[in-house]
Amino acid sequence: MSEIATLQPSCIWKFFDEICQIPRPSKHEEKITAYLVDFARKHSLAYKQDTVGNVFIEKPATAGYENLEPVVLQAHVDMVPQKRNDSSHNFLTDPIEAYIDGNFVRARGTTLGADNGIGVSMILAVLDSKDIPHGPIQALFTIDEETGMTGAFALKEKDISAKYLINLDSENENEITIGGAGGLDANFTFDIEYSELTGHEKVYTISLTGLTGGHSGFEIILNRANANKVLCEFLYEIMEKTDLRLISFNGGNMRNAIPREATAVVAFNRSFENIFHKMFERFVAEKESQFMQSDPHLSCITAETISETKAISQEQTAGILRAIINCPNGPVKYENHNCKILNTSTNLSFVNTKDNKITIGCLIRSTNEQNKQEVANAQKAIFELYGAKSQFEGNYPGWQPQWDSQLLSIVKKSFGTIFETETNINVIHAGLECGIFADTFPTMEAVSFGPNIKGPHSPNEVVEIDSVGKTWEVLKCVLKNIPLK
């Protein structure tokens, strides 16, 4: 037990402390799902696990509440594995080092996993409780929400019979989410051909680090620096003044995180070395000024490298750089003219060099299917113009709001008993599994809420301690006031 488990309400934080000890990056959820199965067995609760790994646990109603409508409490078990460049953390084996920082809990050098570990912990607290009034509970713990929502897509209509679903994957207290953006993964691959260096070149590794990054849905509207785009801009400027050839480019590693770091290895004739250094110094100064507010810790360094013997042709280098530079990135369309509500965006998530291929991945988000497809078509046209192959996958629907939902009315009243200010009802620019649930269970009513979580999908992630307690009170109030069957 760590200091986290001593926080209040302890019924939640003790479970979050245990979850932090369990490695659970997306695609590697077997340890956390085994923990949930063991929890169900120890509490003599009915459970099942489907073929993809989703865990279902049922709890009977407390005495006197048997006639309430059943409710699904849902959260995803995976977390985004992001760490600072000086961290040696292994997300497959190491526990998250969570600690208290004033009124927040954060992790040492990594993402915290409050997204969605706090939601999982709240559900476990309900299942563990002896004195919380509630009707029949169907707990649903999905896998792989962060990298494809494969857990949600695998659900069958027979898996859930409840009329209402409460998703605990939102990140602003006193906010009820009733809709969200759909998404589409866009991948573009260049088959690259290397040729031998002549021996007259200088080879340099250029590393851009220290950017703020963040959630590519919630925080894309903040126009933070994208490491892949920024570094590519510099390489293109150098290419126009020299015979620069690309050897490799690697940046970002998560489809739903704004990339914080990027590294390129390049070669150019040694006669251009002075030009390279002068342009590099100017570039760094310009970017430090440009992103002073959004990315104050931006750092870019170069180091001469001697181990490389091959490089990509100048012609293909130019095509790759032009494609990345011209690829749309960031906010694309807004819901209204004041530019406060985002409709469509795209994040150039990663660039990866491996096995004579350079792959670029983007995540397109939109509440409008036509807008999403327009961005996909634009990116496809740009990359194919410069010789890349296109692949689109992981398309998931947006979640259309139900403004007249009975569940929304109950949740809104419950918020009113806990918060003194008016509750905000929101449609968010991020993918929630509720959009998929709406397709699979068309008669189900769903809402989402949760405590204040800042900086999700980045090592700056924190969860506000007091906010967890308030959200817990809301959840208990909602469960007590679910209608009769």
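A residue counts as buried at under 20% relative accessible area and as exposed at over 50%, with partly exposed in between (1.4 Å probe, protein chains only). By that cut-off His457 is buried, with a relative accessible area of 3%.

This is a predicted model, in which local features need pLDDT of at least 70, side-chain atom pairs count only at pLDDT 80 or more, and totals for chains, interfaces and linings use all residues. Residues are numbered from 1 along each chain as its sequence is written, and side-chain values use heavy atoms, leaving out hydrogens and water.

Let's look at the backbone. Helices (H or I, at least four residues) and strands (E, at least two) are DSSP runs, numbered from the N terminus. His457 sits in the loop between β24 (453–454) and β25 (462–464). Asn174 belongs to the loop between β7 (164–167) and β8 (175–180), and is buried at a relative accessible area of 11%.

| Residue | Phi |
|---|---|
| Asn174 | about 60 degrees |
| His457 | about 70 degrees |

There are cis peptide bonds to visit too. One joins Gln8 and Pro9, with omega about 0 degrees; Pro9 is in the segment before α1 (10–20). Another links Asp115 to Asn116, with omega about 10 degrees, and Asn116 is part of helix α3 (residues 114–128).

Finally, helix α11 (residues 465–480) has 16 residues and should span 22 Å at 1.5 Å a residue, which agrees with the 24 Å between its end C-alpha atoms. The expected span is 1.5 Å times one less than the number of residues. Buried residues in α11 include Ile465, Trp472 and Leu479.
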